[in-house]
Amino acid sequence: MSQQPDLFASKQPQTLISEDGSAILYPGWLTPERATLLFAELDTSLAWEQTHLQMYGKPVPIPRLNAWYGDAGSRYSYSGAHFTPQPWTAALQNLRDELESMVDTRFNSVLANCYRDGRDSVAWHSDNERELGATPTIASLSLGAGRDFVLRHKQSQRQVRVTLQNGDLLIMAGRLQRCWQHQLPKVSGAVGRRINLTFRRVWK
Ligand SMILES: O=C(O)CCC(=O)C(=O)O
Ligand SMILES: [Fe+2]
């Protein structure tokens, strides 16, 4: 018997984590057509930079490109590097408005990451900088190549792994950044370019 294609079920939100914070996945939040257009636009138009972090007094390039956009004054620091946001582009502002009508949060900034290939990655971390507040709601939109994203509970070490695909939205909220870490591991073999946008609220 052939399997019924999962046309509608796959569009239902999936609760990945509901204890010690929440992580909810909205598969295909953007249609593949819109996601692919948006990927191409952001890839060529955002002010991508190579950030260096100081490690034992030496500048070390992080394994991805990034760009920071937001309201004036939403200054953000991250592992000792300071970012002053670029003003919103029309595309990013439209997305922010759509996301704000979905979740009960005002986002005043967005961190864009570009993973050029499988060697680019994000190491284990929590988005727990003070200026995000104790229980930040973070909206993470994935565009381009699918990549695995892993969450790990700080105490129990329990892991939750999900492949984030073109157009998928992940909402992380509540105590998630206090109780869990996350990473985007490197992958061997050919993998395409990926852009991730994390919309955040930075408290001044
Ligand atoms: O690229 C991703 O999906 C995650 C990025 C991330 O964790 C971050 O920028 O804090
Ligand atoms: Fe993160």
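A residue is buried if 20 or more other C-beta atoms lie within 10 Å of its own, exposed if 12 or fewer, and partly exposed in between, with C-beta atoms placed from the backbone. This is a predicted model, in which local features need pLDDT of at least 70, side-chain atom pairs count only at pLDDT 80 or more, and totals for chains, interfaces and linings use all residues. Residues are numbered from 1 along each chain as its sequence is written, while chains are lettered from A and ligands numbered from 1 in the order in which they are written. Helices (H or I, at least four residues) and strands (E, at least two) are DSSP runs, numbered from the N terminus.

**Annotated domain**
- UniProt, in an unreviewed entry, places the feature "domain: Fe2OG dioxygenase" at residues 106-203.
- UniProt positions are given in the numbering used here, feature names are shortened, and annotations may be inferred rather than shown by experiment.

- The shell around ligand 1 (residues whose C-beta atom, placed from the backbone, lies within 6 Å of it) consists of Leu111, Asn113, Val122, Asp127, Ser140, Phe149, Leu164, His182, Leu184, Asn196 and Thr198.
- Five residues of this shell are nonpolar, five polar and one charged; Ala, Val, Leu, Ile, Met, Phe, Trp, Tyr, Cys and Pro count as nonpolar, Asp, Glu, Lys and Arg as charged, and the others, Gly among them, as polar.
- At least two shell residues come from each of strand E8 (109-115), strand E14 (180-184) and strand E15 (194-200).

**Strand E15 and its partners**
- Six of the seven residues of E15 are buried.
- E15 runs antiparallel to E8, and seven bridges join them; two strands pair if DSSP finds at least two bridges between them.
- Asn113 has Asn196 of E15 as its bridge partner, and both residues belong to the shell around ligand 1.
- Strand E10 (residues 138-144) also pairs with E15 in the antiparallel sense, over six bridges.
- The bridge partner of Leu143 in E15 is Ile195.

- Helix H1 (residues 32-45) has 14 residues, which at 1.5 Å a residue should span 20 Å, and its end C-alpha atoms are 20 Å apart, in agreement; the expected span is 1.5 Å times one less than the number of residues.
- Ala35, Leu38, Phe39 and Leu42 are the buried residues of H1.
- Seen down the axis of H1, its buried residues fall within an arc of 110°, so they line one face of the helix; the arc is that of the directions from the helix axis to the C-beta atoms.
- Glu33, Thr44 and Ser45 are exposed on the face of H1 turned away from its buried side.
- In helix H2 (residues 90-100), the buried residues are Leu92, Leu95, Arg96 and Leu99.
- These residues of H2 cover an arc of only 100° around the axis, which puts them on the same side of the helix.
- Ala90, Asn94 and Asp97 are exposed on the other side of H2.

**Loop residues**
- Tyr56 lies in the loop between strand E3 (52-55) and strand E4 (58-61), and has a positive phi, near 50°.
- Tyr56 counts as exposed because it has 5 C-beta neighbours inside 10 Å.
- Gln157, in the loop between strand E11 (147-153) and strand E12 (159-164), has a positive phi near 70°.
- Gln157 is exposed, with 7 other C-beta atoms within 10 Å.
- Most residues other than glycine have a negative phi.
- Asp71, in the loop between strand E5 (65-70) and strand E6 (76-78), is partly exposed, with 15 C-beta neighbours inside 10 Å.
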